[in-house]
Amino acid sequence: MGPMGRPPGGGRARFDRAAQNSSMGLQAPHQEIDLEKMDEESEQMLILRYLNQDNAAFTRTEGGFLDLKTDGKLYQKVQVIRMFPNTDKNRYLSVREGTERAREIGVINDLKKDFDRATGRAIEEQLNVRYFTPVITKLLSVKEESGYAYFVVMTDYGECRFAFRTNNNAVVKLSENRIFIQDLENNRFEIPDIRKLSVKEQRKLDMFL
Amino acid sequence: MIQAKKFMESSASAGAETLPKRLLEQLEAWCHGPVDILCAAVTDMNRLGEFAPGYLILTPDALITAEATRGQYYTELSGQSFFARQHRRESDVAAYAFFRCPFEDVEQFCVSVQIRTCTLYYKARRGVDRQIAVYTAGRYQAVQEVIKRAQQLMGARDGQQAGEEPKRAGAPGRGADMPPEDGAHLVFGAGAEATKRRSVMLRMMSYFRPYVLLMALLLLTYLASAGLNLLWPYLNGTILYDRILAKNEEVLSFLHLPAGRFAAALLLVVCAMVLTKLTMLGFEVLQGAVLAKLVPMVVLSIKNQIFKSMGELSLSFFQSSQTGSLMTRVLSDADLVVDFFATWLPNILTDSFTLVSTCIIMFVLDWRLALASWVLLPLLAFITVKLRSRLHTLFGRRHRSERSLRSKLNDNITGVRVVKAFGQERREVDRFQGTNENVRDAELSIVRYNNLFSALYTLVQEAVTLLVWAVGAYFVLVRGDITYGLLITFAGYVAQLQQPLRDFSQMFRSFTECINASERVFEVLDAKPQITEAEHPVRMRDQKGSVSLSHVTFGYEPNSPVIHDMSLTVPAGGTLGIVGRSGAGKSTLVNLISRLYEVQEGSIQIDGVDIREMSFQDLRRNVAMVSQDTYIFMGTVAENIAYANPQAGKEDIIRAAKLASAHDFICKMPEGYDTVIGASGRSLSGGERQRISIARAILADPKILILDEATASVDTETEKQIQASIQYLSRDRTTLSIAHRLSTLRDADHLIVIEQGRIVEEGTHQELIDKKGTFYLLMELQTKALAMRGLTDEVKKGER
């Protein structure tokens, strides 16, 4: 459908210039809008490529980033993304380019199985930062005032305080006993099993479920 | 005569309505002999366009029409199910006028469809064409079937094939393939569905059957407290005053107490009184507990059933108006119904018990006082009837105004974007205020009337009490023929009468409300899905996916077809592009193939099997649709993709998303495939929704893929990606693709152009362009329009 949208000839040159200023232009300043390339890219996007110890080598850089060497190419500062952050933490990880477009380089099926421990730990570190979700171990105090809830909690990262609006789906029930709380600043807290809280704590929490 | 009799019997045994006896007699007289009736249809107008019952009667060699000319009759245009429940006033037609059109005169039967009515006429071989019947849209289907059979008969008669195309009247559909039914049958309009005449109340009660023991317990507690209530005035009046305070020795011997120990007797009586009150309290607690247990359970089961039968209903039910209101209404109706059965019904029973027994006791105690207390009852009844009915209408008004207020609010919140965009906040406030004032007015008038009612009611009741006291005091003081304790007792009973009377005054409203609510509930429960699975569906394990339509006619309204007599074939694995202007019937066509609607005439076959014979499971598994209105359910992205195939693993889901070019944007969401979308979840753009629905279709892995404007709401780059996905998807699959952008159909094996429900052009892309017909025109137009749009974009960019 591409060519229908633009007149041929002079129009294209102008379009290219416009494109250079847009975000697309950032990654490849002299790239032409090439339909064949677009086709090819589209084809590429359909392919699911698995990464494992044999075809991919992750290295932790001094600067704290991850580099990936695969298929004879070096990708710097790759991003690792969980496809199922809530239901499958260490499986189905999408490894993406560090650029703004973040094209997918490949997929790690199972971090524990497909890579050695050191690599696994390096990737996990990245993941833990990206998906920082303190686990609430104790509810110290819960107050509600004019539509806002104020929590003082103990987490596995230490004590903290946060607030959320009570009528905004801030508390999400993932399963019968597992809940997520998202505060006003979009921080995430997890309670993996509310039954592990004391009865008193559960009663405090009940108001928001 | 014999045949006619047989006809009557057979249709009677089939449970259908029969031709009236008088009609048959007159028909036979008119024909000078017995008539062999094959089938018949009811019409409802005469040729002058007035309401009049009439019949189309098919005999082996002619079509006979009968029109009522004299007599009293009435016409049901719709709502047959409602009227069937009412007492039915039978039409009494005194005389019919007959008209016979022998087949040898008829070249073809035709139906001309006007806006509201249809006219049946025939094209004559010789002489003039003639109108023979007029009827409303509701009768269309029935008449059509009779004509179809007539046409078959004529075809057989002429030694030709049955399908001598009548103009839209009798394309050989399923009926033609089936052996002729033995005996005749009378065809009625679709609206005359059989209704269950079982009483609504009894049926509702069946929901309580599992809880019979609880109900019995409930009734028992009600009756027990009513009984104790009866005892109370006696204890508190006669026993206390006349026996103990009056120092009556009998009571001591009755209680086996030594003489003179009245203090002990008093203590005993007080204890008894306290005990009575405590027991009553206990019963009340028990009632509360039982109700709390019973009501939610019954409400739950009713609501569950409503939801279940809603799911079974066909698409057209949900597209009919006011479905949304129906949903909420039905759900709150369940509460209303259960409330009546669980609180009002036991109340009515105990109230009547109290009322009757109190009256009897009063009468036995002293008939003169009893009469005195009853003398004003008619006045009470009068007030109730007069004012209550007025109050009911007021309640109705409040309900309606509140409802419109709510919908106003809802409308405004959902449409807030439009309101703000056009800066209409001020006007919306004004509009809201108007509705709000209606609510206030309704509320005010209710309060006014309610106050009046309560005041009058209390006044009369007080008057009754005073009268009883006055008369009683006269008897006690002057005549001395009743005791003071008896008077106290009597006053107690008078007070006892008040609650049942109050209840009764409200009972009628609750009763009608309950009946109405039950009827609405059953309306949904009884609504029959128009599309049902065949009784013995054909199971098809390995489908290849060829699709063929033969002479398909369909319309959303019975008399205005959207698809006319359409035939086409798509071989397995082929790609068919469907082109046409908006409203040409493209989406309707594909909806018919996935059997969301049922064809009216003709048939649709997949791999040579009529889809009506196919099991729903096979059909739905093998036909997947990606349409312009994608629906996202509440749930995670992964759940939405796996909707058609819940067993799919995570890997399958990722692969499908990848193929649908959805993987990237999903990964960009913080929670990836675990992101909750749909109502109350994260909102997706049109293109994102579209890609999720494509992924859904990929995972469903159908043999037949229907793309209804699958790339309508995405930009060019995304469309490119989706096109790639679709191309992958349509490999080895039969694909039917509707597109406005004609260039997307370049790869289709075959293209059809639809205009007003008919195929006007077909061929390959190149053939159609060479033909320089409609397709070429559309193509030209679009190229120009797009070029224009492209130019204006350039200009805008230049300006920036």
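Start in chain B of this predicted model, with the largest nonpolar core, which holds 89 residues. Seven of them touch the most other members: B:Ile641, B:Ile653, B:Ala656, B:Ala657, B:Ala695, B:Ile698 and B:Ile706. Helix 22 of chain B, residues 686-700, gives this core its largest share, seven residues. Now pick out B:Ile698. Setting aside neighbours within four places in sequence, B:Ile698 is in contact with B:Ala656, B:Leu659, B:Ala660 and B:Leu729. Of these partners, B:Ala656 is also among the residues that touch the most other core members. A separate core of 42 residues lies apart from the largest one. Its members include B:Leu24, B:Leu27, B:Ala68 and B:Phe103.

Strand 2 covers residues 51-59, and strand 3 covers residues 62-72. The two run antiparallel and are joined by six bridges. Together they form a hairpin, with two residues between the strands. To find the pairing on screen, look for B:Tyr55, whose bridge partner in strand 3 of chain B is B:Ala66. Strand 3 also pairs with strand 4 of chain B, residues 92-102. This pairing is antiparallel too, and it has 10 bridges. Here B:Ala68 has B:Tyr96 in strand 4 as its bridge partner.

One more strand of chain B deserves a look. Strand 9, residues 547-554, contains B:His551. The phi of B:His551 is near 50°, a positive value in a residue other than glycine. Is B:His551 buried, exposed or partly exposed? B:His551 is partly exposed, because 19 other C-beta atoms lie within 10 Å, and a buried residue needs 20 or more.

A:Lys77 is not a glycine, yet its phi is positive, at about 50°. Where is A:Lys77 found? A:Lys77 lies in the loop between strand 4 (73-75) and strand 5 (79-84) of chain A. A:Lys77 is partly exposed, with 14 other C-beta atoms within 10 Å.

Next, take chain A as a whole. Chain A has six helices and 13 strands. Of its 209 residues, 19% are buried. Consider the contacts in chain A between residues at least 6 apart in sequence: 32% of them join residues at least 24 apart.

Three of the strands in chain A make an open sheet, in the order 8-9-10 and with antiparallel pairing. Strand 8 (136-145) and strand 10 (158-165) are the edge strands, each pairing on one side only. From one strand to the next, the twist averages 20°. Strand 9 of chain A, residues 148-155, pairs with strand 10 over eight bridges. Within this antiparallel pair, A:Phe151 stands opposite A:Phe162 of strand 10.

Finally, check the confidence in chain A. The average pLDDT is 77, and 78% of the residues score at least 70. Residues 1-32 of chain A are another matter, with pLDDT below 50. Even so, this stretch has 41 contacts in the model beyond near neighbours in sequence.

Methods. Residues numbered from 1 in each chain as written. Chains lettered and ligands numbered in written order. Predicted model: local features only at pLDDT ≥ 70, side-chain atom pairs only at ≥ 80, totals over all residues. Pairing = 2+ DSSP bridges. Helix = DSSP H or I, 4+ residues; strand = E, 2+ residues; numbered from the N terminus. Axes fitted to C-alpha atoms, helices over the stretch in contact; angles between N-to-C directions. Core = buried A, V, L, I, M, F, W, Y, C linked by C-beta atoms within 7 Å. Buried ≥ 20, exposed ≤ 12 C-beta atoms within 10 Å, placed from the backbone. Contact = placed C-beta atoms within 7 Å. pLDDT = per-residue confidence, 0-100.
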